[in-house]
Structures are given as structure tokens and as C-alpha cells.
Amino acid sequence: MKFFSDFFAVTNLNLLPRLSQSWPLWSFAGRIRHISVYKATEAGHPEEYEGERKPVTRRRFALAIGKIIFLLLIWGFFTVVLIRYAPKKPETSVVTVMPNQILEQYLVQNNDVLLVTLHGPIDDAKSMEANEPRLGVRVEWRDSITNQAIHSTGMWNVHLLKEPDKFGEATKLFKIMNKDHRGRTAVVMLESNSDRPVSMVMATDFNPVLANFGLFYGALLLLGFYILIALELTDHTLAALLMANTGIAIITLLGNRPTLPTIISWVDFETLALLIGMMIIVGIMSETGLFDWLAIMAYRISKGHSWPLVFLLGIITAVMSCVLDNVTMLLLMAPIAIRLCEAVEVQTPLVLLVVVMFSNIGGAMTPVGDPPNVIISTNEEVKRAGVNFPVFVAHMMPGVLSSLLVAFPVIYLTMRSTMFKLTSQQIRASAYRQANRRRLTAEVAERATIIRSSYVPKKTRIKPAGNYFETLAYLQTHYGIEDKPLLVKTLIALGVTVLGFLLHPLPFMSGATLGWVSILGAFLLIILARTKDITSVLVHVEWAALIFLASLFVLVEVVDRLGVIIWLSDQTVSVIASVNERHHTMVAIVLILWITAIMASIVGNVPVTTMMLKLILDLAKNHRVKVSFTPLVWSLTFGACFGANGTLFGSTANIVGAAIARQYGYRITFLQFSRFGLPMAIITLLIVTVYLMIAHVVFTWHKT
């Protein structure tokens, strides 16, 4: 599929330079550079290969033209709108409310709706004591001549901080039912029960996006985003960019085009900084040969036997994904995993599925293991709730470990009948690589003899497979640790970074956010590695992935402003409020977990996480339900990470795994992924559902 090749065209192809030297035509980087010279052969006849042009039929030509026209229509729509309408800034003023006095703020514009946004010392806590300071806000529509109030809204209570040392934001939409607002003046009434003057920056907007119109447009945006991805009309990054710009164009037509600084403020740069730092560290680490050495150790421990090797590869991937980004882990582990699969003669696509699924499960354990975790853990509201690196790991570890234990029998039961049935496609691809790789040199033969002679069989040991000694000798000769000084430096920088993650909640490290710690660790490694050309370092950064995330932040904010998230929150609150109050937490956990998992498997866990995070923030502040915030955080994290195993589109790691398989001559289809991934997702989600019920309903861990 062209989507897979497009995806890798914007992906870092230089993470495996040594693999390119060993297998120049079939390495991840070499496969792309030399794609035009490869033809797999069978009985002397050329076969179609991944870079060869397919014959152009009328149907293919019509589909290609249709795709271009569809994308041009999207581009033309938001281009015309954004060129035609200039951004509108809301009316802003600084107001100071004196103790026990009422301040009247007359507004120049007028409409039947008014959006009031306050910036100042606002407390975002859900429950407040009776004697807490608060600011009351209401809106009156008065007769312009007599100044008599014709319509008055209810009081909106904004809770204030006792010590104005922080800056918060609160927003409220005021409406009147009478559409005839001619000859009337809108007046904002503010009164405070604080014993000191309260200063606020107040922004008023008479053209907000109304939910009754915006809900439909927001649903269309999400549907369009899914169509672009599901039908592979373009890659994820361009799809997110197109839909983000389309969303901005829609709210522009509704009379509320945001300014460029406002759009930039929607992007969570803390998340992007964390990913950039970890990408640089992992990219430099890949040059040391550490990951190849780990794969060789897995082969050595398993003695060349299939199932032990598959499980060890899964364990290594899960453990490494806890500390390193799981997408980068796949880029590093998949090529050597493919080589090992061909050595032990098992279905390579199935083993790649195991590696992908274990990366999603293992990456859920820490805030840096998976992009959804990064988005959640770097959110300011989440951090204020006390969720830091150690707390995150402590709450996620039991569920992840339990799921990993269950994952092994699930893999065995679902794959045991097909694991050793090699397809003709794999036989041809493996035979081609066998014929073109380096021959069994004297050095390899000598090493194989030494390994065989030094092997002492024991009753407790697994007996080696037939080709174990030769394969191990070949792997040890051509792979392994190549740059030990760089490895030491990398481990030092990684250790400092992880230590910073663990210690950043301490008072003397209040400025050490996860993003800054990651960037500072990357700087340390660049200095230690004595890198002279910064360009060679930046090659390791997945810029397409970062742009994809930034576009998603904008898209989700637009969807939020169109009222989709508010609608979802209202529906969720209605379901939770319909049960007994003591069951609110239980129902909320189940709803957030499974809604997130289902949506993540359909659309992808990154956009779903950004959207559902806003939903749980609103849910925790809703006075109709009594739900603690942190159990919702764990439910969201488990749902996003484990639900991603449901389908091929569940996460970026899934797509990367399928793309690597494609580049090596294999194919992982949507149905094949779902056949094995969906049972894994359902069973692991059931495991964490039980865990969350025990931890937060029976023992109320979140209250300790």
C-alpha cells in the first residue's frame, strides 16, 4: 500500500547504519536506497516488488485522480476561508473588583449570547469550602434608554485562590432566550466576597461557536480524519494537518477565527520537548549496537528454539519500551527480529505482531513509554493532581505486569496453529536474503566451532536447535556492541535523564519538568559524544511524528470549541449520575477505560487521548457526580495503550511495524492484525478492569 511507503518516506531511515552494511539491499535504510535494483526471483522469473511500478489500469487511474481531487477540495476550502477572513480578537479589559462591592462593566457590542473568559488567580479545584473566596459573575441585558434590566442570567461563581500566586482561566457562556436584542446593552456584573481587591483580565466574545451547530461540524471533522487514514488517502501527518486547518476554517466561518498566537498556545510543547530529547538519546544509542546485542542474547538464551525466542523478544521489547519511545524501539528491534525469525523458521509477520503488541503493553508503564502517556503526564492539571513519574509507575505497574503475564498464553493459544506455517512469500524473501547475504566466512566457521566445543550439555538446559551454533556464530561475528565508549556515555546520559524523571517532583527540582529533563539529557549526551555536526544528531528526530502530534493538539482544541467534548462529557455524566452515588467511581472507570479503548482502536490512541483527556478534566470538575480524578487518569492511560492492540490503526507503533514488514517483503493486513490483536486487547482490558476495580473501588488507593 502506498500509505506505508509514504509513511517511511518521512521517517528516520538512518537508525540502523550497521544493518545497512551487513545487508545492503534489505536493511531498513538500504532497502529504501536500493529499492530500484531489487527483484525477488522464483524459478528465474521476476516477481513484483515494493518499489516497482504497477501497470496503470483505468480503475487505478480513476482512483488516483479521485484522491487528488478530494484532497484538493479540502485544501481549497480552508485556503479560501483563511485568506478571506482575518482573525478577530475578543474585547479584552482589566477589571478590579473591590471587597464586597459590585462592579458593572458595560460592553460596546451586543448579541443574544456572550462568552466570558476570566484570567487571574482562579482555583480550578472541584470542591470548595463555604468560606473560600469567590467571584460572582452574571450578565444583564438592559434597556439602552431607561437602563432597566430586561433579562438577567444566573450567578456564575468563580473560586479564587487564597494566595494569588498562580494564574488560572475560567470560561462561561451566557444566553438569553429572546433573540430581539435591539435597543439593549449588555452589562457584566462582578462581585467578590474576598477581603482584598481582585484583579482579572476579562475577555468577552459575542460570536462564540454554539454547540448546536458545532457538534455536527466537529463530528464531520473526526469522520473526515478517520476517512483519510482508513482509506489511506494520505499519511497520518498530512491527514492531521489537513483536518486541523479545515477545523480552523470552520470556526472562522462561524465568526471566531483564532489568531496565530492562540493556535500556537494550543500545542503542548512540553510533550514535544520530551519526545525530541528521547529520540536523540535513543538514536545515538542505536549507533552502539546495544539493541542487536540484546537480540543476540535472546537467541542465545532460547538456544534457537522458536517459542522461547518469541517470548524473549517480547519481554525485551516491553522492558525497553518502558524507558524508550516504543515507536523508535520498533525501528531498532524489528530488523534484527526479522533475521532471527528467518533463522528459526517461524512466520515473521506474527513475530512482528508480538513485538508490536508487547511494545504497546510495556510502554504503558511509564510516562515516557508511549505518546499517549507523554500527553497525559505533561498536562498541567494532571501534574497538579500529584501525578508524577514515581506515582505514574506505581499505579500502572500492577496492571501492566498482570497483562504481560496473561499475554504469553494468549499469544501461544492464538498463534500456535499458524506460527510455523511459512508462506511462499516468506520462503522467497528469506531465500533471496540467504543468497545475497555474506557467505559463511572462515571467521564465522571458526567461531561456530569454538561455541560448539565450549558448549556443555546439562539436563536443566534447553537443547540447542539444529542450526543454533552456525547462526549464533554469524550473529556474533557481524553484530553486537561496536562502540563501547559511546555506549558508556549513552548509558550515563540515559541514567541522568531517568534520575531526573524520578526526582523532578522534589521541591528543589520544581523547574525540572519531564520535557526539560529529556532535552537536558540529550544535550549532555551530545556533549559527551563530542558530536561536531548537529545535523547528524537531528537526523534521529522524527519530525513527521512531532508535526503529527502538534496538528492533533490543534484539531482536538477545535473539536472541543465546536462542542463535541462537552457533549461527550454531558452524556458520560448522565450515565454516571443515573446510578447510586457510591458507584460513581466504578462506572466512571469502566466508561473511560472502554470508550477510550474502542475509539483508540478505530481512530488511533494519540488523537483519542488528547480528546478524552479534556473529557476527564471536565468530568472531574462536574458537581453532578462525585468522581476522583486520578482513577480516570489511569483508566485513560490503560484504555489508550491497551486498546491500541485492537486494530492496525490503533497506534503509530502498529503502523511502523506493518511498514517495516512491508519493506522486508512481508505484509501485515488489517484483518490479520485484528485477528490476533483484538483478543489480546480485550483480555488485557478485562485484566486491568479488574485491577482498577480492586485498587480504586474496593481499596480506594487514590485516597491514600
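Helices, of at least four residues, and strands, of at least two, are DSSP runs numbered from the N terminus. By that count this predicted model has 28 helices and 11 strands.

**Whole chain**

Start with everything shown. The protein has 704 residues, and 55% of them count as buried. Now look at contacts between residues with a separation of 6 or more: 81% of these join residues 24 or more positions apart.

**The largest core**

Next, select Phe 225, Phe 291, Leu 324, Met 415, Phe 638 and Phe 642. These are the residues with the most contacts inside the largest nonpolar core, which has 173 residues. Which helix gives the most to this core? Select residues 326–344: this is helix H11, which contributes 13 residues. Nonpolar side chains in soluble globular proteins tend to be buried together.

Keep Phe 638 selected and show what surrounds it. Leaving out residues up to four places away in sequence, Phe 638 touches His 395, Met 396, Gly 399 and Val 400, and also Leu 593 and Gly 643.

Another core, of 23 residues, lies apart from the largest one. To find it, select Val 158, Ala 186, Leu 190 and Met 200, which are among its members.

**Two helices crossing**

Select helix H8, residues 269–286, together with helix H19, residues 484–503. Their axes come within 9 Å and cross at roughly 155°. Angles over 145 degrees count as roughly antiparallel, so H8 is roughly antiparallel to H19. The crossing of the two, H8 and H19, is left-handed.

Now show the side chains at the contact. On H8 they belong to Leu 274, Met 278, Ile 281, Ile 284 and Met 285. On H19 the contact is made by Leu 486, Thr 490, Leu 494, Thr 497 and Phe 501.

**A loop residue**

Move to Thr 418, in the loop between helix H15 (389–415) and helix H16 (424–436). Is Thr 418 buried or exposed? Its relative accessibility is 13%, and under 20% means buried, so Thr 418 counts as buried.

Show its contacts, leaving aside neighbours within four places in sequence: Thr 418 is in contact with Gln 347, Leu 350, Arg 675 and Phe 676.

**Cysteines**

Last, select Cys 322 and Cys 641. Cys 322 is buried at 11% relative accessibility, and Cys 641 is buried at 0%. How many disulfides are in the whole structure? A search finds zero.

Conventions
Residues numbered from 1 in each chain as written. Predicted model: local features only at pLDDT ≥ 70, side-chain atom pairs only at ≥ 80, totals over all residues. Heavy atoms only, no water. Disulfide = S-S within 2.5 Å. Buried < 20%, exposed > 50% of the residue type's maximum accessible area, 1.4 Å probe, protein only. Contact = heavy atoms within 4.5 Å. Core = buried A, V, L, I, M, F, W, Y, C linked by side-chain atoms within 4.5 Å. Axes fitted to C-alpha atoms, helices over the stretch in contact; angles between N-to-C directions. Parallel < 35°, antiparallel > 145°, perpendicular 65-115°, else oblique. Left-handed = near helix turned anticlockwise from the far one by under 90°.
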